[in-house]
Amino acid sequence: MAVTFVALLCIVSCALHAIAVSIDCSVAPLSLPWSNITVSPNGLAVTRGIELGIGTPNQIFSLRPSTTLNNTRVPNVLDCGTQSNTSCVGGKGGVFDSSKSSTFVVSLKNRWNGSAADTEAATGAYVYFNDVIDFQANGTVLGYPLVLNSDLVSGPEAGLPLGQNSSFLAAVTQARVAPSSVWGLDAGDRSLSPRDGKLVVGGYDASRLRENLTTFPLGIWSNKQPCPLQVSVKEVLYEAIDGDVYGLLPPTSGSVTGCIEPQQQRFTFLPSMVQRFAALSGYNSSYPGLTFPTELRPPGALQITLDNGYRTLIPNDHLFTPQRGSDQNGQYVVTNASILETGIAYNVDDTDADVQLILGGLYLTYNYLVVDYDKNQFQMAPTVQGDQGNSANITTVCEPSNSIRDPEISRPDTSDADGTSRAAAIGGGTVGGVVGLAVVAALCYILLRKRRRGRQRADQQKQAQQGPSPRAHYEVYSDERRPSELALVRR
């Protein structure tokens with residue numbers, strides 16, 4: 001009884017301490033460039049995105065940030081046949097071959113330690129697994145939750161998850177790779193004068209702010225607005241070929257709710273807005289989807305005003321650019337210099353009721369984002385244009401009194417056949433899990449470790465007499481490489 005009482009005191013004391021240090025503000029923010037990344041083993045396929053190394057040895061990925069994803073999805077190599085299919089691999093930002101990673105551990109969906117499952121397409125195939133991820137020289141997280149996504153009909157949805165229940169944000173904060181889950185995003189510039197962007201987790205880059213930050217409340221997630229970064233769009237103006245300025249919003253709609261989404265580059269406007277834009281810009285429907293011959297370049301810029309007066313101007317040279325796409329090596333290049341494409345998706349066959357207005361990467365070229373889910377807010381400020389070289393001013397945002405966000409988690413069964421805890425061996429504490437449960441599980445593991453070691457010594461003696469036995473699947477990781485998102489970090 002005395003031992004049990006002491007153990008409980010130890011658990012309570014250590015639990016309170018763990019809660020107090022659940023955020024480590026001494027850790028520097030995690031800075032991840034948004035740039036061109038080589039994603040094929042032959043060095044030919046290059047994709048613009050944020051670099052992750054997944055598996056052992058690393059398979060390289062270039063992923064666009066996504067606020068509508070909570071878990072990291074990566075395309076299956078089988079969608080491209082092999083990794084030597086550079087055009088396909090480059091277009092997808094990398095593909096994952098599970099047979100080439102010695103630390104790949106597949107999981108049952110309801111025992112997987114990622115966030116609540118994202119929406120799955122009816123035509124998609126999904127494999128839930130854990131593996132090692134590396135952030136260049138910025139650290140490593142072991143046992144990171146991932147989803148292998150394959151969809152030969154509509155294409156896999158890959159991306160770096162920055163949603164409200166992001167397992168990525170939970171993993172890097174709990175693994176002490178970043179000080180907090182606040183993130184700042186500079187989308188960079190994809191024009192003919194490109195500029196790299198940067199994702200900062202645990203803060204933001206103050207050098208990119210041209211004005212003070214403006215605060216917005218997080219939106220309420222729904223089927224109609226499936227995004228956290230919602231704004232009310234009051235006015236969208238375009239200067240037409242006759243020199244006059246016209247509004248594109250439907251005259252009876254008032255303000256329209258829009259989603260800010262970095263995963264998508266172009267604007268998605270309501271179909272009635274696109275039809276009006278096509279007419280005002282002199283679009284000839286004999287050309288495919290809002291493209292123009294270079295010699296008939298439309299004039300004018302696009303101006304977007306939100307309900308609070310926040311205004312963004314998209315200049316003509318960014319609104320209309322030479323037609324680009326992936327070449328035979330998967331690199332994003334000008335594919336037809338005689339054709340101009342528009343930074344607006346062509347969706348005139350849809351109806352306004354079925355389309356969500358989206359302000360994508362082109363909008364974020366001119367606006368810096370700072371997102372704080374714990375405070376239920378995000379902020380924007382006009383971005384400083386042009387390359388500033390190495391003049392970054394990374395500012396930490398961290399409040400030690402706050403605990404790490406608790407996304408909805410699938411809780412794995414953490415019991416061995418002999419009844420002892422194996423939370424550290426399999427889950428190690430699920431990402432974003434309830435802190436008390438994680439602490440109790442970890443401390444139970446410590447308290448039982450001595451007894452378990454005694455059993456292991458007995459088992460080793462028995463095994464020496466009987467010969468080796470096959471390992472269980474969850475023992476693919478050694479003691480130094482357990483699939484735990486809380487514990488082990490290499491810098």
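Colour the protein by pLDDT, the predictor's confidence in each residue from 0 to 100: the mean is 78, and 73% of the residues reach 70 or more. This is a predicted model, in which local features need pLDDT of at least 70 and side-chain atom pairs count only at pLDDT 80 or more, while totals for chains, interfaces and linings use all residues. Residues are numbered from 1 along each chain as its sequence is written, and side-chain values use heavy atoms, with hydrogens and water left out.

Where pLDDT is low, the predicted coordinates should not be read in detail.

Select W112 and Y128, whose ring centres are 4.8 Å apart with planes at 65 degrees, so the pair is edge-to-face. Because W112 lies in the loop between β6 (105–106) and β7 (125–134) and Y128 in strand β7, the pair ties together parts that are 16 residues apart in sequence. Both W112 and Y128 are buried, meaning under 20% relative accessible area with a 1.4 Å probe, protein chains only.

Another selection is Y238, F277, Y283, F292, F320 and Y346, which ring pairs link into a cluster. From F277, widen the view to helix α4 (residues 271–280), where P271, M273, V274, F277, A278 and L280 are buried; helices (H or I, at least four residues) and strands (E, at least two) are DSSP runs, numbered from the N terminus. Finish just after α4 at G282, which takes a positive phi of about 75 degrees.

Terms used. Buried means under 20% relative accessible area, exposed over 50%, partly exposed in between (1.4 Å probe, protein chains only). Rings of Phe, Tyr and Trp (its six-membered ring) pair if their centres lie within 6.5 Å; planes under 30 degrees apart count as stacked, over 60 as edge-to-face and the rest as tilted.
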